[in-house]
Amino acid sequence: MAYSAKNLCDDLGKEMQHGYRATKVARLACKIHNDHCRELSPYLDNKLMQLTSMEEGSEFELSEGEFKHLIKELRSH
């Protein structure tokens, strides 16, 4: 079964229960990408790479509001 936008939304939502921390989200995104890279749609691959890149520096980090918007986008995808 392919890893879906709903799966990603659920996993990110669980991480948000502990509060938003860009570095933790980036590490989780990297793990998800590594674990599911062959079953990701191009859309999800792009979103995970966007999240993973947050570890490269503050200029790549999403604000908490932007992150919540991403989760909302994933729910509707």
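The protein chain exposes about 5,000 Å². Carbon and sulfur atoms supply 49% of that area. I note at once that this is a predicted model.

**Entry: the whole chain**

I went through the elements next. The protein chain has four helices and zero strands. From the N terminus on, I read the order as α-α-α-α. The radius of gyration is 11 Å, close to the 11 Å that the globule rule gives for 77 residues, so the chain is as compact as a globular protein of that length. I also took the extent of the C-alpha trace. Along its principal axes it spans about 35 × 25 × 20 Å.

Then I checked burial. Of the 77 residues, 35% count as buried. Residues 24 or more positions apart account for 63% of them.

**Entry: helix α1**

I began with α1, residues 5–16. This helix has twelve residues. From its first C-alpha to its last, α1 reaches 16 Å, close to the 16 Å expected at 1.5 Å a residue.

Which residues of α1 are buried? I found A5, L8, C9, L12, E15 and M16. They cover an arc of only 120° around the axis, which puts them on the same side of α1. I then turned to the face away from that buried side. There I found the exposed residues K6 and K14.

What do the buried residues of α1 pack against? I noted three partners by name: α2 (22–36), α3 (42–52) and α4 (64–76).

**Entry: helix α4**

I did the same for α4. At 1.5 Å a residue, its 13 residues should span 18 Å. The end C-alpha atoms of α4 are 19 Å apart, which agrees.

The buried residues of α4 are F67, L70, I71 and L74. Seen down the helix axis, they fall within an arc of 100°, so they line one face of α4. The face turned away from the buried side carries the exposed residues H69, K72, R75 and S76. On the buried side, I found packing against α1, α2 and α3.

**Entry: H33**

Is H33 buried or exposed? H33 is buried, with a relative accessible area of 15%.

I listed its contacts, not counting residues up to four places away in sequence. H33 touches L40, D45, L48 and M49. I then compared sequence and space for one of these partners. H33 and L48 are 15 residues apart in sequence. From C-alpha to C-alpha, the two are 6.4 Å apart in space.

**Entry: cysteines**

How many disulfides does a search of the whole structure find? I got zero. A disulfide is a covalent bond between the sulfur atoms of two cysteines. I looked at C37 as a case. Its sulfur is 11 Å from the closest cysteine sulfur, in C30, too far for a bond. The cut-off for a disulfide is 2.5 Å between the sulfur atoms.

C9 is buried, with a relative accessible area of 7%. C37 is partly exposed, with a relative accessible area of 42%.

How values were computed:
Residues numbered from 1 in each chain as written. Predicted model: local features only at pLDDT ≥ 70, side-chain atom pairs only at ≥ 80, totals over all residues. Heavy atoms only, no water. Helix = DSSP H or I, 4+ residues; strand = E, 2+ residues; numbered from the N terminus. Expected span 1.5 Å × (residues − 1). Buried < 20%, exposed > 50% of the residue type's maximum accessible area, 1.4 Å probe, protein only. Arc of directions from axis to C-beta. Contact = heavy atoms within 4.5 Å. Rg over C-alpha atoms; globule rule 2.2 N^0.38 Å. Areas by Shrake-Rupley, 256 points an atom, 1.4 Å probe, with all protein chains shown as cover.
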